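Here is a short tour of a structure, written for someone who likes to click along. Have the viewer open and follow the headings.

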There are 2 protein chains.
Amino acid sequence: MNVNAIGDIETPALILDHAKLAANIVRMAARADELGVALRPHLKTPKSAPVAQMLADAGANGFCVSTLREAEYFFAADHHDLFYCVPFAPAKMPRASALIAKGCALTLMTDSLEGAKACIAAAEACNNDKPVPFALEVDVDGYRSGADMAGLELIEAARAFDRSTATSFAGIMSYGGASYGCTPAGAAALAERHVEALASVETRLAEADLVCPMVSFGSTPAILHARQLPGVTETRCGIFMFQDLFQAGIGAARIDDIALSVLSTVIACQPSHNRLVIDAGGLALSKDRSTAGHAFDAGYGVACDVGSGRPIGDLIVSEVSQELGLVTSKSGAVVDMDHFRVGTQLRILPNHADMTAAAHDRYHVIGRDSSAIIVWRRTNGW
Amino acid sequence: MNVNAIGDIETPALILDHAKLAANIVRMAARADELGVALRPHLKTPKSAPVAQMLADAGANGFCVSTLREAEYFFAADHHDLFYCVPFAPAKMPRASALIAKGCALTLMTDSLEGAKACIAAAEACNNDKPVPFALEVDVDGYRSGADMAGLELIEAARAFDRSTATSFAGIMSYGGASYGCTPAGAAALAERHVEALASVETRLAEADLVCPMVSFGSTPAILHARQLPGVTETRCGIFMFQDLFQAGIGAARIDDIALSVLSTVIACQPSHNRLVIDAGGLALSKDRSTAGHAFDAGYGVACDVGSGRPIGDLIVSEVSQELGLVTSKSGAVVDMDHFRVGTQLRILPNHADMTAAAHDRYHVIGRDSSAIIVWRRTNGW
């Protein structure tokens, strides 16, 4: 599977820069140390065992997953402490339960008394020897899922998990997803609000004799910019590993930090339209348009030189269909067709690395000490 | 792999309604008959052999593919007449050539003299016994790839393919992708322009003693609305099989024609935000937002009842993250939480069926005469 040069890789294909990935991991591990919290990275970003191993080697304390397929795959790769931090669909309990029976320290999550009751009933039906640990999500800013932080329901749900012999209460979490729309200062303020909210919920749970082993808070920008995280036991973050144009646009990364790109080939040159056509379209790049509201709207990605990985002028992928991308200059500068003949490779930086990686079943890993390009597999689907 | 009831399917998952698929195929086959042209459906939509077989049984004359993986997969499933109708990257020639050597009637495509020269050199390097057939794409309305239709380059490229012993000239094609932004009347007018353009190119090629066995024109809306297609030998179209909200929005389908949906589960209810959270997000639904400019902007999809497959009020998926979708009422009507408890399944109609299907490795096929739900595999990637 290994190839010796980027030129030998069939396009479209994912390129992962090992040196940048390693530097991003070191930076986040240092950040977690500085904040004095454990780092629980999210494996929905890489979906690949060698990346999990790099994170573990850098001191990660367990991982997050977003699908049961990820949980099964990473458990098989000897990563046992996993937090499936998406509200749990009770019908998935037999699969989760089977993992726990095999020795996986899998924690599940829900965000309401109703959800807790349904999950407890599902856990009871599985007749596991071990209780299924459940955390509860707190809604701090209405961003996504999560229980009303001031209401009684959260306390009742925690008590229900604690009382059932089929489950245990693992703690609380919140997700600072709104930090993706923040300046660095805004992300720091958001982190502060979440820390306060989690502390107040923890206090109320303690008053009800319910202990929170886990107080989990996440989002890459919030962790990067937080001043401190008192009371938080672990941070969840994923995109920091690969970074992307969206993170660069909100000041959470530099363009040079972006470790993931899509290798593509010029398949048509259209001087009369001042554009190139490449063989990476909506599938290979994803249709994520999250940079649309940014100062630099990158379309569907930024076109880079294949060797240096650096942007070429202001060339972006401005349009995509399923397997085609149109590369144009943002300012309308003349594209020198002599530099981009049919067959030329280009690397495209992604808007949102998680979404872009999702259509691909492997990474081509460059930038290691050894010059050989190696292949790392991904586990997609559910 | 088969299950007896939708309730037994783990979510998120693709549901394919066999009866609607069959009706959509019959309708398009009748339309091609009416126009007196051969039907060459695009398999980039289903990426599944049983769907190709249904199309073949309905009289399809060969197929289009958009990746070499599709070509290899469908050739292995005994579909031999394949048109890879994306401008060809010369480095892919060994794989294409290997298929042709095995007996696949694979036609490739490019859109310039430069592209033709690069493809001819690549074909010569493969030393095939059989010449590699190449078609040329004509740019009629600047929508995507394609050669300037009035220029000399197209004639020279055709002559180059004709003269090389490693290649042959297969004919011409155009893609009416701009029809996706048209009213039905606009799509009919577009088809007319393409027919005239193709005829004029064919005439100029004939004057240069170059014969066009294939005059190929495509796009679902253009075929559906064209008044006639004189001179066109075959039509290319894909999305008609599954249909989607985008096609419904431009009048090329009815909501009831949509054969594809994503089965999801309610994993959180948030009365205070008047919304539901489901376990189908940007991966399971895709981040395609092609209905954004329509009279009914469907967000990331329309929420339907799991049994009937019919929309529930004006509930749409208004926001997504990787594995989560937020379901809200477009008009802000109160969502009756009692009808959507945690664990309730919902079916989501897709904006763009091709993109939505891409993250899934299988279809759960319902609506056949027999009541059992069967699984059809897809072939993703490149």
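## A helix with an inward side

Which residues of helix α3 (residues 68-76) of chain A are buried? In this predicted model they are A:Leu68, A:Glu70, A:Ala71, A:Phe74 and A:Phe75, where buried means under 20% relative accessible area, exposed over 50% and partly exposed in between (1.4 Å probe, protein chains only). They span an arc of only 155 degrees around the axis, which puts them on the same side of α3(A); the arc is taken from the directions from the helix axis to the C-beta atoms. Helices (H or I, at least four residues) and strands (E, at least two) are DSSP runs, numbered from the N terminus.

The buried residues of α3(A) pack against α2 (49-57), β3 (63-65), β4 (81-84), α4 (93-101) and β5 (105-110) of chain A, with contact meaning heavy atoms within 4.5 Å. After α3(A) comes A:Asp78, and its phi is positive, near 75 degrees.

A word on ground rules: this is a predicted model, so local features need pLDDT of at least 70 and side-chain atom pairs count only at pLDDT 80 or more, while totals for chains, interfaces and linings use all residues. Residues are numbered from 1 along each chain as its sequence is written, chains are lettered from A and ligands numbered from 1 in the order in which they are written, and side-chain values use heavy atoms, with hydrogens and water left out.

## Strands around β5(A)

β5(A) is mostly covered, with 5 of its 6 residues buried. It pairs in the parallel sense with β4(A) over 3 bridges (two strands pair if DSSP finds at least two bridges between them), and A:Asp81 has A:Ala105 of β5(A) as its bridge partner. β4(A), α4(A) and β5(A) make a right-handed β-α-β unit: with the strands pointing away from the viewer, the path from the first strand over the helix to the second runs clockwise.

β5(A) also pairs with strand β6 (residues 132-139) of chain A, again parallel and over 3 bridges. There, A:Met109 is partnered by A:Ala135 in β6(A). From β5(A) the chain crosses through helix α5 (residues 113-126) of chain A to β6(A), and this β-α-β crossover is right-handed.

## Over in chain B

Strand β8 (residues 167-175) of chain B has 8 of its 9 residues buried, so it is largely enclosed by the rest of the structure. Strand β6 (residues 132-139) of chain B runs parallel to β8(B), joined by 6 bridges, and B:Pro133 is partnered there by B:Ser168. Strand β9 (residues 214-218) of chain B is also parallel to β8(B), through 5 bridges, with B:Ser174 opposite B:Phe217. β8(B), helix α7 (residues 184-207) of chain B and β9(B) form a right-handed β-α-β unit.

## A buried glycine

A:Gly325 sits in strand β15 (residues 325-329) of chain A and is buried, at 0% relative accessibility. Its C-alpha lies 4.6 Å from that of A:Gly281, 44 residues apart along the chain. Among the residues A:Gly325 touches are A:Leu276, A:Ile278 and A:Val317.

## How the copies relate

Chain B can be laid on chain A with an RMSD of 0.0 Å by a turn of 180 degrees and a shift of 0.0 Å along the axis, superposing by least squares on C-alpha atoms of residues with pLDDT of at least 70 in both. That is the relation of a two-fold axis.

In chain B, B:Lys287 comes closest to the rotation axis, at 2.7 Å (C-alpha). The copies meet through the same surface, because 100% of the interface residues of chain B are also interface residues in chain A.

Notes
Lists of a residue's contacts leave out its neighbours within four places in sequence.
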